Amino acid sequence: MARVCQVTGKTPIGGNKVSHSNIKTKRRFLPNLQTKRFFLAEENKWITLKLTADGIRTINKKGLLTVVKELRAQGQHI
């Protein structure tokens with residue numbers, strides 16, 4: 001799946017589009033994905049992550065190195 005946040009794991013979800021006459025048709029709610037480059041000072045290199053806005057806030061809170069260590073422990077290649 002291409003539209004997945006690397007930090008939070010958020011994926012598209014399904015739902016209904018509801019018209020004015022209350023007719024319901026299926027639609028997808030996509031996550032707010034951003035492609036963002038971060039400089040990892042400890043390894044002296046740039047890394048590119050595909051993140052939601054929530055994932056960016058998580059990196060701001062925990063720190064980039066902590067998040068990268070967690071992702072590598074899960075088996076992601078970064």
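1. With which residue does lysine 62 form a salt bridge? The partner is glutamate 70, and the closest N and O atoms of the pair are 3.5 Å apart; a salt bridge here is a side-chain nitrogen of Lys or Arg within 4 Å of a carboxyl oxygen of Asp or Glu. Lysine 62 is partly exposed, with a relative accessible area of 43%, and glutamate 70 is likewise partly exposed, at 36%. For these classes, buried means under 20% relative accessible area, exposed means over 50%, and partly exposed lies in between, with a 1.4 Å probe and protein chains only.

2. A word on the basis of this note: the model is predicted, so that local features need pLDDT of at least 70 and side-chain atom pairs count only at pLDDT 80 or more, while totals for chains, interfaces and linings use all residues. Residues are numbered from 1 along each chain as its sequence is written, and side-chain values use heavy atoms, with hydrogens and water left out.

3. Helix H1 (residues 53–62) and helix H2 (residues 64–74) have axes that come within 6 Å and cross at roughly 115°. Helices (H or I, at least four residues) and strands (E, at least two) are DSSP runs numbered from the N terminus, and the axes are lines fitted to C-alpha atoms, for helices over the stretch in contact, with angles running from 0 to 180 degrees between N-to-C directions. Thr58, Ile59 and Lys62 of H1 meet Leu64, Thr66, Val67 and Glu70 of H2, where contact means heavy atoms within 4.5 Å.

4. In H1, the buried residues are Gly55, Ile56, Thr58 and Ile59. They cover an arc of only 155° around the axis, which puts them on the same side of H1; the arc is that of the directions from the helix axis to the C-beta atoms. Arg57, Asn60 and Lys61 are exposed on the other side of H1, and what covers its buried residues includes E3, E4 and H2. Glycine 63, which follows H1, has a positive phi near 105°.

5. For H2, the buried residues are Leu64, Val67, Val68 and Leu71. Seen down the axis of H2, these residues fall within an arc of 100°, so they line one face of the helix. Lys69 and Ala73 are exposed on the other side of H2, while the cover over its buried residues includes E3, E4 and H1. Just after H2, glycine 75 also takes a positive phi, of about 105°.

6. The largest nonpolar core has 14 residues, and those with the most contacts inside it are Val7, Phe38, Ile47, Leu49, Leu51, Ile59 and Leu64. Such a core is a set of buried Ala, Val, Leu, Ile, Met, Phe, Trp, Tyr and Cys residues joined through side-chain atoms within 4.5 Å. At least two residues of this core come from each of E3, E4, H1 and H2, and H2 gives the most, with four residues. Valine 7, leaving aside its neighbours within four places in sequence, is in contact with Leu51, Gly55, Thr58, Ile59, Val67 and Leu71.

7. The count of salt bridges comes to four, and Glu43, Lys45 and Arg72 are linked in a network of them. The side chains of arginine 72 and glutamate 43 meet at 2.6 Å, N to O. Arginine 72 lies in helix H2 and glutamate 43 in the loop between strand E3 (33–40) and strand E4 (45–52), so the pair ties together parts that are 29 residues apart in sequence. Lysine 45 also forms a salt bridge with glutamate 43, with the closest N and O atoms 3.5 Å apart.

8. Most residues other than glycine have a negative phi. Asparagine 22, found in the loop between strand E1 (13–18) and strand E2 (24–29), has a positive phi near 70° and is partly exposed, at 48% relative accessibility. Asparagine 44, whose place is in the loop between E3 and E4, has a positive phi near 55° and is exposed, with a relative accessible area of 60%.
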